[in-house]
Amino acid sequence: VEDASYYFKTNYDAGFEFKHIFRNPNGYFNIFNNFITQLISILDVRFQARAYLAVAFTLSVMTVILFGRSGLVKNKYLLLVTPLVIGLSGLNHIHYYITITFQMYLLVISLFLLLLWERQNTFINNLLIFLLIPILVWSGPYSVLSVPFAILFMFLFRGKNLIMLWTIISTIAYTLMTTGAVGSGVIPQHLFSGFYQNLWFDTVVTDVFFMGLRGNANIEKVLLLLAIICPALYIIRHDTIHVRILMLLMVVIICTPAPLLLTNKYNLYGDVFPCHVLTAQISWLLFVLILVDRVIIKLSAQYQRPAGYVALALVVIFVAADNMKNERKGRHII
């Protein structure tokens with residue numbers, strides 16, 4: 001697929017050159033993929049395809065593990081089912097497991113989880129975070145979502161302002177270096193277009209909140225969603241830290257269509273593809289997992305285990321229904 005037509009074709013028999021890390025034929029930099037694929041090009045050509053698959057699969061698994069180890073979910077039954085939720089529904093297509101190209105969407109999720117992770121405040125940890133942030137930001141256009149995330153984080157939390165400022169600076173620098181080639185130019189006028197407003201609403205409601213399982217977006221769906229989410233939020237209303245984390249995830253969800261709909265890339269694609277909502281879908285599933293986990297924690301001790309069983313069963317049913325409804329999720333289709 002795109003790994004072969006771009007990365008393999010570009011790097012074949014070319015060797016490693018540092019300047020090639022900053023290739024940007026699509027108008028934006030993707031330094032992680034360029035770096036990895038250049039390293040792989042040094043290998044015997046017979047092993048390069050396997051190396052591509054191994055790197056992509058490893059990064060996909062690491063994204064799932066990063067959330068499981070972040071401490072954002074405590075209930076052991078929800079932790080048990082997390083790989084199913086993120087892996088079989090959140091990653092939403094086999095392409096995201098096996099191709100390096102699509103890792104740019106997962107690296108954004110990894111960036112957000114890294115920014116949320118409560119870690120030991122040591123020099124080594126801070127240095128690693130400092131170095132990782134620009135690498136993750138400069139690895140795909142969807143890193144622009146880190147700007148609203150980081151700005152809101154500084155309003156809601158204390159203690160990570162320098163990290164968030166560094167994230168914003170890295171993202172602004174990345175955006176300024178975007179050339180605008182192949183549909184990367186920003187068109188803010190789309191915000192005031194009824195067509196794009198309706199498309200944005202339909203994408204978030206249908207493709208994200210309802211995971212493409214039920215028809216077109218409408219007010220009834222929004223009301224149903226609010227009727228489910230609002231009582232749960234009321235139950236955990238005193239858990240201010242996690243409520244604020246949910247707010248951050250919701251901002252990411254709502255803003256995810258922006259890199260597509262506020263540029264002329266939509267004219268190139270003519271539709272909203274699964275990759276364009278990948279970040280929002282994973283963020284939404286993380287939102288649900290965290291919310292359910294906090295609600296269970298608020299229950300009396302005697303009800304927590306049965307509630308965990310019920311949550312586990314419902315999640316398994318959802319994942320099964322999601323994959324049966326969307327057969328392409330398990331197939332290698334270009």
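**Notebook: helix pairs and a pocket**

I started with α10 and α12, which are oblique to each other (under 35 degrees counts as roughly parallel, over 145 as roughly antiparallel, 65 to 115 as roughly perpendicular and the rest as oblique). This is a predicted model, where local features need pLDDT of at least 70, side-chain atom pairs count only at pLDDT 80 or more, and totals for chains, interfaces and linings use all residues. Residues are numbered from 1 along each chain as its sequence is written, and side-chain values use heavy atoms, leaving out hydrogens and water.

I looked up the numbers: the axes of α10 (residues 194-209) and α12 (residues 240-255) come within 9 Å and cross at roughly 120°. Helices here are DSSP runs (H or I, at least four residues), and axes are lines fitted to C-alpha atoms over the stretch in contact, with angles from 0 to 180 degrees between N-to-C directions. In the contact (heavy atoms within 4.5 Å) I found W200, V204, V208 and F209 of α10 with M250, I253, I254 and C255 of α12.

Next I checked α2 (residues 31-40) and α3 (residues 45-68), which pack at about 145° with axes 10 Å apart. F32, I36, T37 and I40 of α2 meet Q48, A51, Y52, V55 and L59 of α3.

Helix α15 gives the largest share, 8 residues.

Technical notes: Helices (H or I, at least four residues) and strands (E, at least two) are DSSP runs, numbered from the N terminus.
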